[in-house]
Amino acid sequence: MKKPFNYLKNFCIFLLVSPFLAAWVPSILDGILKDLTPAYRSSLVLSFQQLSITLLATLLFASLITLTLGYISILWSTIGKIIAAVLEAIESVPAILIVLFSYAPVAGYLASHSEASSSAVSLMIFVFAATLTILPESIRGITLPLGELYYQKYSLSFRSYGFRRRKILAVLMGTDVMRHAFKRIAAGILLKILVLDCSFGFIIQLGFGSYGTPAHASPGALIAANRDALFQGGSPLLFWLPVLPLVMISIAFLLILTNNKENDI
């Protein structure tokens, strides 16, 4: 009974993330959104394409750092304490401020260079800043279960067979417990970056308008640009059209989180 339910849940998750797939096949949307202007359709597609690139890039970058620092934190406890102190300091700063201030050193570059060059640099800065904001929680998500496995369950057993600490930790990183932990961390990363990306895009659009820097193509920016559609005489569809896919995608990430928590029980 559990397997059919899991298949159904996975199918629902696939449907909920389908806006990302549709964004990369614009012909699917042309028939559905034919009553909207080409400029709006283009902005809608571009914003979700950019969001998918941002999520994937941040997930890969953050995952690599999380696994590396999580492993090091358990391997060398002194370094682990230093990492924990640094991450605690980072966690005390609001995420949106970290992202906003990360752009300060490159503001002149973004304003004076071509759109393609500025967009590439803007993406790299955002991925770097977003990764900083999620590292405290993601590294805890690795070090807590890994530390429990190492110190409370398997360390003595492995050492009795002559395994070194590095080898023990490498083996433990491949266990089902750690795989479930990493899936949960990945879903949490995606959900947090989704919220941060759209919040940042919304703030940038409100603060700078369409000619401001950094130019951050995001569903949040599109929502902010069409907020007047909710006023009398406007077309509310222009506002709600980016919102509904974001809600669907957020629910998908929440389902993944819930699924992995159930597997840990």
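This is a predicted model: local features need pLDDT of at least 70, side-chain atom pairs count only at pLDDT 80 or more; totals for chains, interfaces and linings use all residues.
A crossing of two helices is left-handed if the near helix is turned anticlockwise from the far one by less than a right angle, and right-handed if clockwise. By that convention, α4 passes α9 in a right-handed crossing. Here's a quick tour of that helix pair, the aromatic rings and a couple of individual residues.

Residues are numbered from 1 along each chain as its sequence is written, and side-chain values use heavy atoms, with hydrogens and water left out.

**Overall layout**
- The chain has 12 helices and zero strands, where helices (H or I, at least four residues) and strands (E, at least two) are DSSP runs numbered from the N terminus.
- Of its 265 residues, 42% count as buried, meaning under 20% relative accessible area with a 1.4 Å probe and protein chains only; exposed is over 50%, and partly exposed is in between.
- Among contacts with a separation of 6 or more, 71% come from residues 24 or more positions apart; a contact means heavy atoms within 4.5 Å.

**Helices α4 and α9**
- Two packed helices are described by the angle between their axes and the distance between the axes.
- For α4 (residues 38-75) and α9 (residues 165-173), the axes come within 10 Å and cross at roughly 135°; axes are lines fitted to C-alpha atoms, for helices over the stretch in contact, with angles from 0 to 180 degrees between N-to-C directions.
- α4 and α9 are therefore oblique to each other, since angles under 35 degrees count as roughly parallel, over 145 as roughly antiparallel, 65 to 115 as roughly perpendicular and the rest as oblique.
- On the α4 side, Leu67, Tyr71, Ile74 and Leu75 meet Arg165, Arg166, Leu169, Ala170 and Met173 of α9.
- The residues of this α4 and α9 contact split into seven nonpolar, no polar and two charged; Ala, Val, Leu, Ile, Met, Phe, Trp, Tyr, Cys and Pro count as nonpolar, Asp, Glu, Lys and Arg as charged, and the others, Gly among them, as polar.

**Met173, in α9**
- Met173 lies in helix α9 and, at 22% relative accessibility, counts as partly exposed.
- Leaving out residues up to four places away in sequence, Met173 touches Leu67, Tyr71, Leu146 and Met178.
- Met173 and Leu67 sit 106 residues apart in sequence, with their C-alpha atoms 9.0 Å apart.

**Aromatic rings**
- Rings of Phe, Tyr and Trp (its six-membered ring) pair if their centres lie within 6.5 Å; planes under 30 degrees apart count as stacked, over 60 as edge-to-face and the rest as tilted.
- By this rule there are three aromatic pairs.
- Phe126 and Phe200 have ring centres 5.8 Å apart and planes at 40°, so the pair is tilted.
- Phe126 lies in helix α8 (residues 115-160) and Phe200 in helix α10 (residues 176-208), so the pair ties together parts that are 74 residues apart in sequence.
- Phe126 is buried at 0% relative accessibility, and Phe200 is buried at 0% too.
- Phe239 and Trp240 have ring centres 5.1 Å apart and planes at 85°, so this pair is edge-to-face.
- Phe239 is buried at 13%, whereas Trp240 is partly exposed at 42%.
- Tyr103, Phe126 and Phe200 form one aromatic cluster.

**Ala224, in α11**
- Ala224 lies in helix α11 (residues 219-225) and is buried, with a relative accessible area of 0%.
- Setting aside neighbours within four places in sequence, Ala224 is in contact with Phe202, Gln205 and Leu206.
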